[in-house]
Amino acid sequence: MVATLLSKVFLPVSLAIIMLGMGMTLVPDDFTRVVKYPQAILIGLTNQLVVLPLIGFLLAIVFDLEMTMAIGIMILAVSPGGPTSNLITQVCRGNIALSVTLTAIASFVSILTIPFVLSWALDYFGSETATAIKLPVVSTILQIMVITVIPVSIGMVLRSYRPLFAARMEKPMRIASTLIFVVIFVAVVAANFKLLGTAMKQVGIVTLLLNIGTMGLGYLSARLLRLDLKSAISITIESGIQNGTLAFVIATTILNNIEMGIPTGAYSIWMFVTGGILMWQLGKRTAPTGLDIPK
């Protein structure tokens with residue numbers, strides 16, 4: 001009951017409030033700049049939709065994972081980023097507009113890519129399931145709108161009409177973001193406590209490598225292609241912080257196989273650990289004035 005309330009009520013409401021705070025740090029020009037310089041979006045989407053599944057597939061092959069674990073890794077690898085990545089980006093002083101944009105676009109595109117990639121993975125790794133992979137399109141869109149788009153839009157309106165209030169709220173909202181992150185981590189551990197021991201034993205190393213590898217390649221690709229630091233931070237986080245809730249729903253509800261959700265339990269722990277380290281290290285930076293523009 002407590003875990004249900006946390007996942008269904010407290011966390012979505014809390015994330016929506018955090019997104020409202022993020023909106024109060026943004027102006028329309030932030031998104032205009034992102035659109036005018038689409039290189040960052042292309043790099044971020046390529047990392048999420050192409051590189052991440054490829055790394056997941058290679059790890060499953062190299063570690064010779066048995067069928068359910070291999071498919072579980074692929075479920076994770078094709079899942080888009082979620083609102084948690086936006087929260088971490090805010091605390092890390094990354095490019096929030098880019099993070100929100102990548103989350104929204106990747107979530108919509110993944111509605112098409114997830115069935116295609118997972119159908120191939122089920123066939124390749126030898127699953128005999130004949131389940132049609134149909135994602136909850138309407139609920140996914142509503143989740144993006146309610147938790148991300150609407151609160152950010154309201155926050156931007158508040159900043160436009162109450163700029164002094166928005167400026168005063170930036171530090172409290174950053175502190176609140178950190179606290180919410182800790183609560184989410186505790187909730188994830190509590191909700192998956194029985195699963196975590198098995199998960200870490202079976203795929204702990206693989207999921208850690210998947211998380212570190214995708215974040216590392218995200219950062220390297222952004223810097224090699226000469227993106228500014230704030231955009232590189234956003235792409236790093238979007239590459240490695242996945243929508244664990246959606247991944248678990250795909251495994252347990254759509255594919256009706258709880259074992260395929262085991263990698264999600266392990267990965268959730270690692271992404272909160274690495275995300276927490278990034279928040280601790282990058283959150284201490286002095287906030288730059290304005291938004292850096294890619295060269």
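## N86 and its helix

In this predicted model, N86 lies in helix α5, which spans residues 83-91. N86 has a relative accessibility of 0% and therefore counts as buried, the cut-off being under 20%. Leaving aside residues up to four places away in sequence, N86 touches M19, M22, S99, V100, T103, T148 and E238.

The burial extends along the helix. In α5, 9 of the 9 residues are buried, so the helix is largely enclosed by the rest of the structure. The buried residues are P83, T84, S85, N86, L87, I88, T89, Q90 and V91. After α5 comes R93, which has a positive phi, near 60°.

## Packing against α6

Two packed helices are described by the angle between their axes and the distance between the axes. For α5 and helix α6 (residues 96-124), the axes come within 9 Å and cross at roughly 170°. Because angles over 145 degrees count as roughly antiparallel, α5 is roughly antiparallel to α6. The residues that make this contact are listed below by helix.

| Helix | Residue range | Residues in the contact |
|---|---|---|
| α5 | residues 83-91 | S85, N86, T89 and Q90 |
| α6 | residues 96-124 | I96, S99, V100 and T103 |

By class, the contact of α5 with α6 comprises 2 nonpolar residues, 6 polar residues and no charged residues. N86 is among the α5 residues of this contact, and S99, V100 and T103 of α6 are among the residues that N86 itself touches.

Note on methods: Residues numbered from 1 in each chain as written. Predicted model: local features only at pLDDT ≥ 70, side-chain atom pairs only at ≥ 80, totals over all residues. Heavy atoms only, no water. Helix = DSSP H or I, 4+ residues; strand = E, 2+ residues; numbered from the N terminus. Buried < 20%, exposed > 50% of the residue type's maximum accessible area, 1.4 Å probe, protein only. Contact = heavy atoms within 4.5 Å. Axes fitted to C-alpha atoms, helices over the stretch in contact; angles between N-to-C directions. Parallel < 35°, antiparallel > 145°, perpendicular 65-115°, else oblique. Nonpolar A, V, L, I, M, F, W, Y, C, P; charged D, E, K, R; others polar.
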